[in-house]
Number of protein chains: 2
Amino acid sequence: MTILTVGSIAFDDIKTPDAYGMRQLGGSATYFSLAASYLAGVRIVAVVGDDFTTDDESILTDKGICTAGLERAQGKTFSYGGEYHSDLNLRTTHFTELGVFENFSPKIPDHYHDTPYLFLGNIAPKIQLEVLGKLKRPKLVAADTMNFWIEGEPRSLSQVLSAIDILLVNDSEAQAITGETNLVGAGRELIRRGPRIAVLKKGEHGALLFSEGIFFSIPSFPLLAVADPTGAGDSFAGGFFGYLSATEEQSVGNLRRAMAVGTVMASFCVEKFGVSGLLHLSSEDLHNRYRELQSYISFQDLDIDFIPHQRE
Amino acid sequence: MTILTVGSIAFDDIKTPDAYGMRQLGGSATYFSLAASYLAGVRIVAVVGDDFTTDDESILTDKGICTAGLERAQGKTFSYGGEYHSDLNLRTTHFTELGVFENFSPKIPDHYHDTPYLFLGNIAPKIQLEVLGKLKRPKLVAADTMNFWIEGEPRSLSQVLSAIDILLVNDSEAQAITGETNLVGAGRELIRRGPRIAVLKKGEHGALLFSEGIFFSIPSFPLLAVADPTGAGDSFAGGFFGYLSATEEQSVGNLRRAMAVGTVMASFCVEKFGVSGLLHLSSEDLHNRYRELQSYISFQDLDIDFIPHQRE
């Protein structure tokens, strides 16, 4: 099935202890779309500036991503500069220049209006609601958000939570939304506030899924070297939502598999610099890593009795 | 089979946001032994002061733990005071009074010399080596350590690593020993330095196991409320090592099950204050939580193809 995603496209200047990349194609919609493109047709609604070239666009179109919803505005594309330290969990932001993204007002092409799967990337909650209002009721709606909106637009965000099926956020965002420090408590509280499903992404520590009567926990895929953590969460979302749209079913088993596919996509993303890890994957690469992940996690039934030794 | 453990017994003053407990029986050997007692016979070698009562001892003996190796020295039992904050991952130490533990020189009763399973708790590496030297070669030797020894006694610690089968440490300790920030790198480096198996404990984020050609990752058991994180790592070790001694086999499948049993024990420990969560478990409690953990983690084979959508 086809997914429509609305979010940011950016040029990133990223420095890690081992590498430096300038003007890398990035942004949450880019990472999400590339990851999802291995599973579903993807339509992207975003804004870029007049510095965005045909070569930049072809990174998306080469993966079959439809860019009919890509608006070209006068001015500069959103750009971001940041640096990761030897502990790759720590990032310093050097600059954020919103450019044309500052006044982003998504224009949805007519033929996008009946897209069955909608992923609302991390944009203002009001704009997320606006996009949702324009579409014929999609089959499944997922959204992301961030601390800026959690603190600045709590009312609109609360409306978003009531209107979506799935919320995918970082653990710290889940804590900020709910005021719960315990992650199990935060996850349960999220599904009380609207979405049927909440996914908490914990970076290198994996992810948790909560739904009524359902809990699922998955560790991250072990990597000996992480080249660039940028886009990990968006790639996870792309794999997760891509899988649900490909299978058109949200059974417990499918939600679990979707979490594993998200984990696999995030691992390919961070293994290489920028988006490059998401560009040349074969079906075999993906299947092999899925099976490898499975083999790292599964364990068999217990074969012993507890307690007897206490009576020795 | 029977386990001998050498480590600390302490009285803990623990404050959490919700509770305060004074003179709680604690220490690494206490938590380890209580958890392991559900799986194996346990012999404890430790030192306590003249403030250690028969009631304190009966907490151990009630679980069938042999205290013939418990030395009573003149002076005070090791005592610790600490406080957890609303983020239970953060602990402030208020005091550490080593008391009789300062000059601990383990005395191994004669009938302990042929104990087949040895767990060297977090004591000076030189003393760990001394204990190991006194025993007839045990079938399996595991050890723990801490930053104090990693920084202060690197040579003796290196000898310990060469002499043991299994090292169980926190993720930050693994990073400190190896100088590797990447946990997969740190785990692999540890097994290059001696032990056949390395277990990295990540607290609420679960644990990783490394051995030649083997990797296993397990998340922690999800708890809506953690009463007191004290002793989680030692309870994990007790469950893990207890299972290996109960089954007398270190196949890949058994190592995985041992990690799950450790996870289960740690969850029972932190769910209640002090050691109380480890005192009244039934075989059914333990089996049920093991199966629950399994159900939170497992996922099925993939049932779709990747890629076709890129050619739309």
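Modeller: Two residues are in contact if their C-beta atoms, placed from the backbone, lie within 7 Å, and helices (H or I, at least four residues) and strands (E, at least two) are DSSP runs, numbered from the N terminus. This is a predicted model, in which local features need pLDDT of at least 70 and side-chain atom pairs count only at pLDDT 80 or more, while totals for chains, interfaces and linings use all residues. Residues are numbered from 1 along each chain as its sequence is written, and chains are lettered from A and ligands numbered from 1 in the order in which they are written.

Colleague: Which residues of α8(B) and α9(B) meet?

Modeller: Among them are Phe236(B), Phe240(B) and Tyr243(B) in α8(B), and Met259(B), Met265(B) and Cys269(B) in α9(B).

Colleague: Why is α8(B) called oblique to α9(B)?

Modeller: The axes of α8 (residues 232-247) and α9 (residues 252-271) of chain B, as lines fitted to C-alpha atoms over the stretch in contact, with angles from 0 to 180 degrees between N-to-C directions, come within 7 Å and cross at roughly 140 degrees. That makes α8(B) oblique to α9(B), because angles under 35 degrees count as roughly parallel, over 145 as roughly antiparallel, 65 to 115 as roughly perpendicular and the rest as oblique.

Colleague: What makes the radius of gyration of chain A agree with a compact globule?

Modeller: The radius is taken over C-alpha atoms, and the globule rule is 2.2 Å times the number of residues to the power 0.38. For 312 residues the rule gives a value near 20 Å, and chain A has 20 Å, so the two agree.

Colleague: Why are the two copies said to be related as by a two-fold rotation axis?

Modeller: With copies superposed by least squares on the C-alpha atoms of residues with pLDDT of at least 70 in both, a rotation of 180 degrees with 0.0 Å of shift along its axis places chain A on chain B (RMSD 0.0 Å). The copies are thus related as by a two-fold rotation axis. The same surface serves both, as 100% of the contact residues of chain A recur in chain B.
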